[in-house]
Amino acid sequence: MRENSLWRHADFRRLWAGDTASQLGTFVGHTVLPLLAATVLAASPFEMGVLTAAETLAFLLLGLPAGAWVDRFRRRPLMLRADFARAVLLLSVPLAWWANVLTLTQLVVVALLTGVCTVFFDVAYQSYLPSLVGRDQLLEGNAKLQSSQSVSQVAGPGIGGVLAQLFGPAYAVLVTGLGFLTSALCLLRIRRVEPEPVPHENPKLSAQIAEGLRFVFGNPTLRAITSATATANLANGIFLAVEMLFLTRTLGLSAAAVGALLAVGGAGSVLGALTSGLVNRRIGQARAIWLVPLLTWPAHLLVPLAAPGWRVAFVVVGLVLFGYGVIVYNVAQVSYRQAICPDRLLGRMNASVRFVVWGVLPLGSMLGGVLGEVIGIRNTLWVAGALEALAVLWVVTSPLRRLRDIPQTAAVQAVQ
């Protein structure tokens, strides 16, 4: 074990444990809340759509101002408030069910307010990491945090399904609430004193938001990264809108087979998280941002080649390669963004990027539904795969193409 490894960094281990508990609770919740709405409250398809939209609506409504607010305060207290608030919100669900007063309206409100807390937590923790571990350890830190997210993304739905089967979906929501409570308790144990944020010379919120946007879109590399991620997310929204229909109706897979296939496909994400640090060190962090997507993102084009029988393997290979490439790319580009951004702008930079790249997801889902009706499910997958492959052009044709690692001058300027 290296002397400067984050395994030896007690405060990072506490952040990592807290983030792991939070991520697991989040992905368990993504399974049990819809199950609760569908099975206990007999929600209609439209109501299910409203519930799903409520989970991510906050990124569109509050994504930009959240960054300015995060930059005004210390990040760890914001994360603690977000965790405690999410725990209370979700623990209200089994209490309401026990009292026989649970309604779909409460679920939608809980999903919406939990999403608001998630916006602040995510922006704050990405902005908090550089001050906790230092910029020279961002790559290792992001790789470890990403591994937790990837494992939770694979294991969370399965755990949620088992808990809902054993105890009922209402009580399974308890696990989600307890996950956020555990996260808060881990963050409370962090000993490192966070520095006070630098006061902004212009107190107007609009001016601070504009400064964050100018920093992101005025920097050629950040503009390329944001555009590539947004294009890929738009395509992935299209893909996800028809993926289940393709697996169940076109390929004729059972629910159990679909779950098993997606779990195997998710192994690519786990492998990406475990090897991202090695890949970034071997080929260079800047190079990983464009070369890894170039080699892996077009793999989604394998999925529409699938058919009943042995050709289902095309889905597995496509999902594994694509998932692997996305995680390695995310670790590289998030670390790169954190390294070149001044401390006083970290919250606004992260919020500006997330506003764009998360905001296109519901648009992609809506477009995917329309395309599925008009041109068919398989053709919609072809459109999504082609758009994901083209998304790589943003970073391939950017200044990143001429770099191997982060320019040292940019990293030095970021801490001034």
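**Reading the labels on a predicted model**

Biologist: Why does Arg-348 count as buried?

Modeller: Arg-348 has a relative accessibility of 3%, and the term buried applies under 20% relative accessible area, with exposed meaning over 50% and partly exposed the range in between (1.4 Å probe, protein chains only), so Arg-348 is buried. This is a predicted model, in which local features need pLDDT of at least 70 and side-chain atom pairs count only at pLDDT 80 or more, whereas totals for chains, interfaces and linings use all residues. Residues are numbered from 1 along each chain as its sequence is written, and side-chain values use heavy atoms, with hydrogens and water left out.

Biologist: What makes the pairing of Arg-348 with Glu-211 a salt bridge?

Modeller: The N to O distance between their side chains is 2.9 Å, and a salt bridge requires a side-chain nitrogen of Lys or Arg within 4 Å of a carboxyl oxygen of Asp or Glu, so the pair qualifies. Distant parts of the chain are linked by this pair, as Arg-348 is in helix α12 (residues 346-375) and Glu-211, 137 residues apart from it, is in helix α7 (residues 205-218). Helices here are DSSP runs of H or I of at least four residues, strands are runs of E of at least two, and both are numbered from the N terminus. Glu-211 is also buried, because its relative accessibility is 16%.

Biologist: Which other salt bridges can you describe?

Modeller: The whole structure holds six salt bridges, among them Asp-83 with Arg-86 at 2.7 Å, N to O, and Arg-404 with Asp-405 at 2.8 Å, N to O. Asp-83 and Arg-86 are both buried, and they lie three residues apart in helix α3, about one turn of the helix. Arg-404, by contrast, is partly exposed because its relative accessible area is 35%, and Asp-405 is partly exposed at 34%.

Biologist: How do you know whether Val-119 is buried or exposed?

Modeller: Val-119, which is found in helix α4, has a relative accessibility of 1% and therefore counts as buried. Beyond residues up to four places away in sequence, Val-119 touches Ala-58, Phe-59, Leu-62, Gly-63 and Ala-66, where contact means heavy atoms within 4.5 Å.

Biologist: What makes up the largest nonpolar core?

Modeller: This core has 64 residues, and those with the most contacts inside it are Phe-12, Leu-15, Met-79, Ile-289, Val-395 and Leu-400; its largest share, eleven residues, comes from helix α4 (residues 104-133). The term covers buried Ala, Val, Leu, Ile, Met, Phe, Trp, Tyr and Cys residues joined through side-chain atoms within 4.5 Å. Leaving aside neighbours within four places in sequence, the contacts of Ile-289 include Ile-225, Tyr-329, Val-395 and Leu-400.

Biologist: Why is Trp-97 called partly exposed, and where is it placed?

Modeller: Trp-97 sits in helix α3 and is partly exposed because its relative accessible area is 34%. Trp-97 also belongs to a nonpolar surface patch of about 920 Å², whose other members include Trp-98, Phe-167 and Tyr-171. Patch residues have over 30% relative accessible area and no salt bridge, with nonpolar side chains (Val, Leu, Ile, Met, Phe, Trp, Tyr) joined within 5 Å and like charges within 9 Å. Helices α3 (75-98), α5 (138-167) and α6 (169-188) each supply at least two residues of the nonpolar patch.

How values were computed. Accessible areas come from the Shrake-Rupley method with a 1.4 Å probe; for residues, only the protein chains shown count as cover.
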